[in-house]
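I opened this notebook to record what I looked up in one structure. The entries follow the order of my reading.

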Amino acid sequence: MSRKPRQVLEDVRRELAPGERENRLVPEIAAGTAPLTVLAELAAQQYRIIGSDRRSLLVLAARCADDPGGAYFAGLADSEGEALRMLEAFAARCGLSPREAAARKPLPGCQAYPAYLAWLALNGDPAGVVLALTANFAAWGGYCAAVATGLRRHYGFDDTDCAFFDFFARPAPAAEDAAVAVLEALSPDGGRIGAGREYGQLLQAYELMFWNTLADAPARRHGR
């Protein structure tokens with residue numbers, strides 16, 4: 001790898017950054033115009049996503065057990081477990097218990113992301129997955145920051161209610177340092193970096209599909 005790992009990460013993240021107008025739901029939440037029923041659907045779909053992503057990351061950790069990627073992916077899985085506990089407060093504020101959330105039907109457009117991450121867990125090049133996830137985390141974190149601001153400003157949510165989004169919105173320099181260390185150890189060549197870009201493009205597309213599926217969800221018809 002001719003370029004330094006941190007520069008490769010920054011380049012891929014910049015290349016895969018979403019356009020400002022591609023996500024149709026986050027601006028509505030930020031402006032306070034999204035119905036509470038849609039927020040409840042967001043919580044329900046996230047229950048499925050977080051649980052699936054945690055298992056996928058553990059599979060990746062097992063695949064990389066003998067190199068630094070093992071600890072990296074295991075750490076991400078632990079973070080997903082922590083986020084799942086925080087999600088309960090958000091769901092409850094939206095009027096959903098964990099059992100009620102689990103009973104909601106999966107929306108295909110919302111579940112495409114975790115389905116693809118599960119595919120990557122079995123088939124993806126670990127270095128490419130690190131690149132793709134790091135790029136996606138940047139976009140997801142920005143969305144979460146905007147959502148948390150909107151929830152406080154327009155919906156009366158408090159810090160406990162917003163903890164799930166705050167958790168992902170916070171800068172995580174230690175996580176990026178860990179990703180750089182994994183890439184330094186794996187020394188991906190141009191082909192593996194190219195695979196990471198491809199993974200990242202699909203993850204970003206499925207990320208946007210999640211939000212825009214919610215923007216068009218039947219729950220919207222029931223109002224606030």
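**Entry 1: surface.** I took accessible areas from the Shrake-Rupley method with a 1.4 Å probe; for residues, only the protein chains shown count as cover. The accessible surface of the protein chain comes to about 10,200 Å². Carbon and sulfur atoms hold 54% of that surface.

**Entry 2: the model.** I noted that this is a predicted model, in which local features need pLDDT of at least 70 and side-chain atom pairs count only at pLDDT 80 or more, while totals for chains, interfaces and linings use all residues. Residues are numbered from 1 along each chain as its sequence is written, and side-chain values use heavy atoms, with hydrogens and water left out.

**Entry 3: fold and dimensions.** I looked up the secondary structure, where helices (H or I, at least four residues) and strands (E, at least two) are DSSP runs numbered from the N terminus. The protein chain has 10 helices and zero strands. I then checked the radius of gyration, taken over C-alpha atoms, against the globule rule of 2.2 Å times the number of residues to the power 0.38. For 224 residues the rule puts a compact globule near 17 Å, and the protein chain agrees because its own value is 17 Å. The C-alpha trace spans about 55 × 35 × 30 Å along its principal axes.

Entry 4: Buried residues make up 51% of the 224 residues. Contact means heavy atoms within 4.5 Å. Of the contacts with a separation of 6 or more, 87% join residues 24 or more positions apart.

**Entry 5: helix 1.** Which residues of helix 1 are buried? In this helix, residues 5-15, I found Pro5, Val8, Leu9, Asp11 and Val12. Seen down the axis, these buried residues fall within an arc of 165 degrees, so they line one face of helix 1; the arc is that of the directions from the helix axis to the C-beta atoms. The buried residues of helix 1 pack against helix 7 (126-154), helix 9 (173-186) and helix 10 (190-215).

**Entry 6: two single residues.** I found Trp119 in helix 6 (residues 108-123). Trp119 is partly exposed, at 42% relative accessible area. Its C-alpha atom is separated by 8.4 Å from that of Ser56, 63 residues apart along the chain. Asp161 lies in helix 8 (residues 159-169) and counts as buried at 9% relative accessibility. Leaving aside neighbours within four places in sequence, Asp161 is in contact with Ala89, Phe90 and Arg93.

Terms used:
Buried means under 20% relative accessible area, exposed over 50%, partly exposed in between (1.4 Å probe, protein chains only).
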